[in-house]
Amino acid sequence: MSVTLRTAEHQDISFLWYLRNRPDVYRFFKHPEPVSWEGHVEWVMCYLLGLHTGELKIIQWNALPVGQVRLDYEEEEVEISISILNEFRGKGIALRSVEMVCEMVKSGGGAKHVLAEIYKDNQASIKMFEKCGFVQKGQVGDFLHYIL
Ligand SMILES: CC(C)(COP(=O)(O)OP(=O)(O)OC[C@H]1O[C@@H](n2cnc3c(N)ncnc32)[C@H](O)[C@@H]1OP(=O)(O)O)[C@@H](O)C(=O)NCCC(=O)NCCS
């Protein structure tokens, strides 16, 4: 069973919209509600066209798209965000994906720290990032700030 990452392309826009609008995905987001198709396309296009200083990657499990991982750069820090389709959770896919993107960030040399903002009740995400070596450095409102 292999986990691979590839850069998101135009053909992934529908999959990314489907994933973003799953209630079990957005429930711990800062805006815990579905997004419109128009709003989604506008958002994704910023990554696809390179208008945003970030990277959007499709997570594949045995060549099947099962999730996304995103890096948003800001000076010496990069924020990471990840989601996996419910049906493919609990297989170590997120853990492996975060390990891979953190290796990419380190070898790229552009950012000193990787940050994750996690809703305080999102135990799956907290445990997964802690297993990857992230440690809590603070809290703003309901969101815990984790850093690697
Ligand atoms: C958080 C999320 C990405 C984890 O994905 P996943 O592929 O299921 O995670 P993994 O299988 O790689 O789990 C790695 C470790 O995380 C922990 N973990 C994962 N899911 C867990 C759960 N439901 N409860 C407790 N711990 C959990 C475990 O320690 C696990 O290791 P183990 O199975 O060896 O014990 C997934 O639940 C998800 O997409 N959630 C919705 C979106 C979201 O909340 N994203 C995070 C925003 S910051």
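This is a predicted model: local features need pLDDT of at least 70, side-chain atom pairs count only at pLDDT 80 or more; totals for chains, interfaces and linings use all residues.
Trainee: Which exposed residues does helix 5 carry on the face turned away from its buried side?

Mentor: Gln 123 and Lys 127 are the exposed residues on that face of helix 5.

Trainee: And which residues of helix 5 are buried?

Mentor: Ser 125, Met 128 and Phe 129 are. Seen down the axis of helix 5, the buried residues fall within an arc of 95°, so they line one face of the helix.

Trainee: Why do residues three or four places apart in an α-helix point the same way?

Mentor: An α-helix has 3.6 residues a turn, so residues at that spacing point the same way.

Trainee: How should I read the surroundings of the ligand?

Mentor: Begin with the shell of residues, then ask which elements supply them. Here 22 residues surround the ligand, and the closest are Arg 89, Ala 94, Leu 95, Ala 124 and Met 128. Met 128 is also one of the buried residues of helix 5.

Trainee: Which element gives the largest share of that shell?

Mentor: Helix 5 does, with six residues. Strand 4 (77-84), helix 4 (93-108), strand 5 (113-119) and helix 5 (123-131) each supply at least two. By type, the shell holds 11 nonpolar, seven polar and four charged residues.

Trainee: Is Asn 86 buried or exposed?

Mentor: Count the neighbours. Asn 86 has 12 C-beta neighbours inside 10 Å, so it counts as exposed. Asn 86 sits in the loop between strand 4 and helix 4.

Trainee: Which residues does Asn 86 touch, leaving out those up to four places away in sequence?

Mentor: Arg 22 and Asp 24. Arg 22 and Asn 86 are 64 residues apart in sequence, yet their C-alpha atoms are 8.8 Å apart.

Trainee: How do I read the chain as a whole?

Mentor: List the elements in order. The chain has five helices and seven strands, in the pattern β-α-α-α-β-β-β-α-β-α-β-β. For overall form, compare the radius of gyration with a rule: a compact globule of 148 residues would have one near 15 Å, and the chain has 15 Å, which agrees. The C-alpha trace spans about 35 × 35 × 30 Å along its principal axes.

Technical notes: Residues are numbered from 1 along each chain as its sequence is written. Helices (H or I, at least four residues) and strands (E, at least two) are DSSP runs, numbered from the N terminus. The radius of gyration is taken over C-alpha atoms; the globule rule is 2.2 Å times the number of residues to the power 0.38. A residue is near a molecule or strand if its C-beta atom, placed from the backbone, lies within 6 Å of it. Ala, Val, Leu, Ile, Met, Phe, Trp, Tyr, Cys and Pro count as nonpolar, Asp, Glu, Lys and Arg as charged, and the others, Gly among them, as polar. A residue is buried if 20 or more other C-beta atoms lie within 10 Å of its own, exposed if 12 or fewer, and partly exposed in between; C-beta atoms are placed from the backbone. Two residues are in contact if their C-beta atoms, placed from the backbone, lie within 7 Å. The arc is that of the directions from the helix axis to the C-beta atoms.
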